[in-house]
Amino acid sequence: MKNILVVLPSGKEITLYKEKTVIGRNKKNHIVHSNKHVSSTHCVILKKGNNYFIEDLKSANGTFINSKRISKPVKLHNNDTISLGQKGAAFQFRRSFTIIKKAKKTVLNPKYIIPAVIGIILVSGLIFAYIFFKDPGRIDTKKELIKLQKIYGKNEFPDDPEFVNAIEKTVDNIRRDVSLPDIIKKREQYLGLIEPILDNNNVPRDFSFIAWVESNYDPLAYNWGSGARGMWQLMPATAKQYGLQINEIVDERLDPQKCTQAAALYLKDLISIFGKQSFLLVFAAYNAGDGNILYSLKQIQDPTKDRNFWYLYKNNLIPEQTKQYVLKIIALIILKDYY
């Protein structure tokens, strides 16, 4: 694999083969980008041995790595997102994992094989111990669901062992995810921004977990298949409907604050449609689209009794992806008091 920059959102690949790669609007640069927020000579990527570093060249709008503005040379790691200003061009750095011949000889040397194997076993053991023994306490899922009933109503949380079991499995899967600490850290980074916006729009704070499921709180996340973008993975049409500007120069879905405001307005409308007492339907609508969920509800034989997410789930009236999407949000809400 080559060391490359992937241009976002087009996906175009640019191979990094020079010792010094300058990026900016000036046509003399190695990588030229015409975005008005990009400076004439914006930043430079330097190759030092097998490592790559990026340095801002006193640009007007700054250079950002994973949403953090840099003030000195920073080492690039695989899948790092590079932004030239908050509204400028964006790239993803992809690191080569090609093993050079010298490294092959070293790795295959019997002198190193045994220590390496022992190391792998020890690391695997540590990971196993972390997953299975770093236990924040046994979670009584049924008890936690009763708490949510008091907040959001009993209609959404049926006394169905199958429902409880589905939530328990989802909770266990999340707790076994080795990336969990990193996502929690990312959540903490943005919660101070997200919660006040939800409060101002009368949207429950628990709805902040939508951004976890959508993007792991990555403000630069992009779905190549659907075109959804940003922390809340808004589609272009939805984003524009709720006031975001999207064109060849600017995509305000990349702005965490503006994107969250648009998502909060959208969620506020979904709550108006489905009601706070049916907040699982709101989650489902955010994933599948409100039109699709409304159509699914029309298939219910007894709407006064069965108008809820679990009925749609059990009768396969919603996509499998939407089923798992909603279960994960419920599980995350339950887990919030354990981490």
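How many disulfides does a search of the whole structure find? The search finds 0 disulfides. The model is a predicted one.

**Cysteines**
- Cysteine 43 is buried, because its relative accessible area is 0%, below the 20% cut-off.
- Cysteine 259 also has 0% relative accessibility, so it counts as buried.
- Cysteine 259 is one of the buried residues of helix α8.
- Cysteine 43 is among the residues that threonine 21 touches.

**Aspartate 160**
- Aspartate 160 sits in a loop. That loop runs between α3 (141-152) and α4 (161-175).
- Its relative accessibility is 15%, under the 20% limit, so aspartate 160 counts as buried.
- Leaving out residues up to four places away in sequence, aspartate 160 touches Trp310 and Lys314.
- Lysine 142 lies 18 residues from aspartate 160 in sequence. The C-alpha atoms of lysine 142 and aspartate 160 are 10.0 Å apart.

**Helix α8**
- Helix α8 spans residues 256-274, 19 residues in total.
- From first C-alpha to last, α8 reaches 26 Å, close to the expected 27 Å.
- At the start of α8, aspartate 255 places a side-chain oxygen within 3.0 Å of the backbone nitrogen of glutamine 257.
- Just after α8, glycine 275 adopts a positive phi of about 90°.
- The buried residues of α8 include Pro256, Thr260, Tyr266, Leu267, Leu270, Ile271 and Phe274. Three alanines, Ala262, Ala263 and Ala264, are buried in α8 too.
- Cover for these buried residues comes from elements including α5 (180-200), α6 (209-215) and α7 (236-241). Also among the covering elements are α9 (279-288) and α10 (290-297).
- An α-helix has 3.6 residues a turn, so residues three or four places apart point the same way.

**Threonine 21**
- Threonine 21 belongs to strand β3, residues 20-24.
- Threonine 21 counts as buried because its relative accessibility is 5%, under 20%.
- Beyond four places in sequence, threonine 21 touches Leu16, His30 and Ile31, among others.
- Its contacts also include Cys43, Val44 and Ile45.
- Cys43, one of these contacts, is itself buried at 0% relative accessible area.

Conventions. Residues are numbered from 1 along each chain as its sequence is written. This is a predicted model: local features need pLDDT of at least 70, side-chain atom pairs count only at pLDDT 80 or more; totals for chains, interfaces and linings use all residues. Side-chain values use heavy atoms; hydrogens and water are left out. A disulfide is a pair of cysteine sulfur atoms within 2.5 Å. Buried means under 20% relative accessible area, exposed over 50%, partly exposed in between (1.4 Å probe, protein chains only). Helices (H or I, at least four residues) and strands (E, at least two) are DSSP runs, numbered from the N terminus. Contact means heavy atoms within 4.5 Å. The expected span of a helix is 1.5 Å times one less than its number of residues. A polar contact is a pair of N or O atoms within 3.5 Å; within protein, one must be able to donate a hydrogen and the other to accept it, and residues adjacent in sequence count only if both atoms are side-chain atoms.
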